[in-house]
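The sequence and the model are shown first.

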Number of protein chains: 2
Amino acid sequence: MLTYMSLRIALLGLLDATGPASGYDLAKSFERSLNHVWQAGHTQIYPELVKMAADGLVAVESEGARGRKLYAITPEGASRLRSWLVEREPTSAPRSEAALQAFLLPLLDRESAIVVVERIRAQFAERLAVLECKPRDTSRFGRYALRLGLAQGHASLAWADETLAELRGPDAAAVDDAVGRD
Amino acid sequence: MLTYMSLRIALLGLLDATGPASGYDLAKSFERSLNHVWQAGHTQIYPELVKMAADGLVAVESEGARGRKLYAITPEGASRLRSWLVEREPTSAPRSEAALQAFLLPLLDRESAIVVVERIRAQFAERLAVLECKPRDTSRFGRYALRLGLAQGHASLAWADETLAELRGPDAAAVDDAVGRD
DNA sequence: TCTTGACATGTCACTCCTTACATGTCAATC
DNA sequence: GATTGACATGTAAGGAGTGACATGTCAAGA
């Protein structure tokens, strides 16, 4: 029951790393530095912070202008965060529409398949470009995850290029002929 | 509203690729050939097939022994499947606990960080092993997605090895010292 | 002064997905 | 004959996540 809640962990991690912040700040941080790792919008973050406060993981530190609420991590929160990090066996529920399209490619004729792979490639390239433009803006944080994202991104791009080469290849290795190869 | 529904697409794809099947069969196929691309259990599949039948995308073809229900894709379903494949801009909502742990690594001392990365590495290795054992069991299908998974898996493993090397490095590049490098 | 846009917080309805529960058939083995 | 295990289908409660809507502050510039 209490074993998932990765959103909590991500929020605690940001609060621990960068100090007290408002829900608004945290939503921005998700966009800036965490978007390739975990996604969350303010509609998810605000209620979660309230629950976390009720559970003693964060404390509302002060209220500033414009109704701003500053949340700070509590010792209990910091402890839970580190326990999770050290103990939690990470799970992954892969759900990638790009991979699904790749899976279904053999349904299409070669021309359509090329169009689809080109679109997938463009998206991989864009995501990679975002990561590559990313400065060390989170100082130490995000450093390792950034590298992981870059590695996976490069590999994905390479897959797209290889696949396009195969689909376009001079030996005309059409999708339908791919059965016996490799 | 009707723009998501990747589960439907995955089910239609399997039905199109391998012919009529029961919900039970489809759940097995998800486990066997689609598990690195999209996940779904039978509790999600059974109700979805009922809705898809109501929408005319599949037809209950016959009922066999043990209450078995055979679903077949309809022309409407096949058409929708191909439209989605060609037109849909794939989206991704990355939610990886492994990447989250990587992101948060600087919270830990070096020894703990090594333990965490070793666990992440083991998981990457296991997933990769599953993919590498995978025969061409889906004939043409899954071929491209399999390669994509392999590429990403190898890249992830390489990241883990590099990260471990850095954390263990003879020049003792501890996590806390990593700020000024790169 | 007024409008724009960043700041700031929230609710609600809905979809998606997971976990646990519940039921029953049929073939093979003990 | 009884038990086990693969086959086969479902429901219900609840958590997780999204998109649309709603509200209000404050600073800067037209």
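## Surface near DNA strand C

The residues of the surface near DNA strand C, where near requires a heavy atom within 4 Å of the strand, comprise five nonpolar, eight polar and six charged ones; here Ala, Val, Leu, Ile, Met, Phe, Trp, Tyr, Cys and Pro count as nonpolar, Asp, Glu, Lys and Arg as charged, and the others, Gly among them, as polar. The model is a predicted one, in which local features need pLDDT of at least 70 and side-chain atom pairs count only at pLDDT 80 or more, while totals for chains, interfaces and linings use all residues. Residues are numbered from 1 along each chain as its sequence is written, chains are lettered from A and ligands numbered from 1 in the order in which they are written, and side-chain values use heavy atoms, with hydrogens and water left out.

Among the 19 residues around DNA strand C, those that come nearest are Tyr24(A), Thr43(A), Arg66(A), Lys69(A) and Gln44(B). At least two residues of this surface are supplied by each of helix 2 (23-34) and helix 3 (42-54) of chain A and helix 3 (42-54) of chain B, where helices (H or I, at least four residues) and strands (E, at least two) are DSSP runs numbered from the N terminus. Sugar or phosphate holds 71% of the atoms of DNA strand C within 4 Å of the protein, and the rest belong to bases. Polar contacts are pairs of N or O atoms within 3.5 Å; within protein, one atom must be able to donate a hydrogen and the other to accept it, and residues adjacent in sequence count only if both atoms are side-chain atoms. His42(A), by contrast, has a polar side-chain atom 3.0 Å from a base oxygen of DNA strand C.

## Surface near DNA strand D

DNA strand D is surrounded by 19 residues, of which Gln44(A), Tyr4(B), Tyr24(B), Arg66(B) and Lys69(B) are the closest. Of the atoms of DNA strand D that come within 4 Å of the protein, 72% are accounted for by sugar and phosphate. By class, the surface near DNA strand D has five nonpolar, eight polar and six charged residues, and helix 3 of chain A, helix 2 (23-33) of chain B and helix 3 of chain B each supply at least two of its residues.

Both protein chains make polar contacts with DNA strand D: a polar side-chain atom of Arg66(A) lies 3.4 Å from a sugar or linking oxygen, and a polar backbone atom of Tyr24(B) is 2.8 Å from a phosphate oxygen.

## Paired strands

In chain A, strand 1 (residues 58-63) and strand 2 (residues 69-73) run antiparallel and are joined by five bridges, pairing being assigned if DSSP finds at least two bridges between two strands. Ser62(A) stands opposite Leu70(A) in strand 2 of chain A, and in the hairpin, which has five residues between the strands, Arg66(A) takes a positive phi near 55°.

In chain B, strand 1 (residues 58-63) pairs with strand 2 (residues 69-73) in the antiparallel sense over five bridges, and Val60(B) has Tyr71(B) as its bridge partner in strand 2. Arg66(B) takes a positive phi near 55° in this hairpin, which has five residues between the strands.

## Interface of chain B and chain A

Contact (heavy atoms within 4.5 Å) links 72 residues of chain B with 72 residues of chain A. The buried area, that is, the accessible area (1.4 Å probe) that two parts lose on being put together, summed over both, is about 7,200 Å² between these chains, with 62% given by carbon and sulfur atoms. Glu97(B), Phe103(B) and Tyr144(B) supply 13% of the area that chain B buries against chain A, more than any other three residues.

Salt bridges, defined by a side-chain nitrogen of Lys or Arg within 4 Å of a carboxyl oxygen of Asp or Glu, number four across this interface. One joins Glu166(B) to Arg147(A), with the closest N and O atoms 2.9 Å apart. Glu97(A) forms a salt bridge with Arg88(B), for which the closest N and O atoms are also 2.9 Å apart; this pair crosses between chains, from helix 5 (residues 97-104) of chain A to the loop between helix 4 and helix 5 of chain B.
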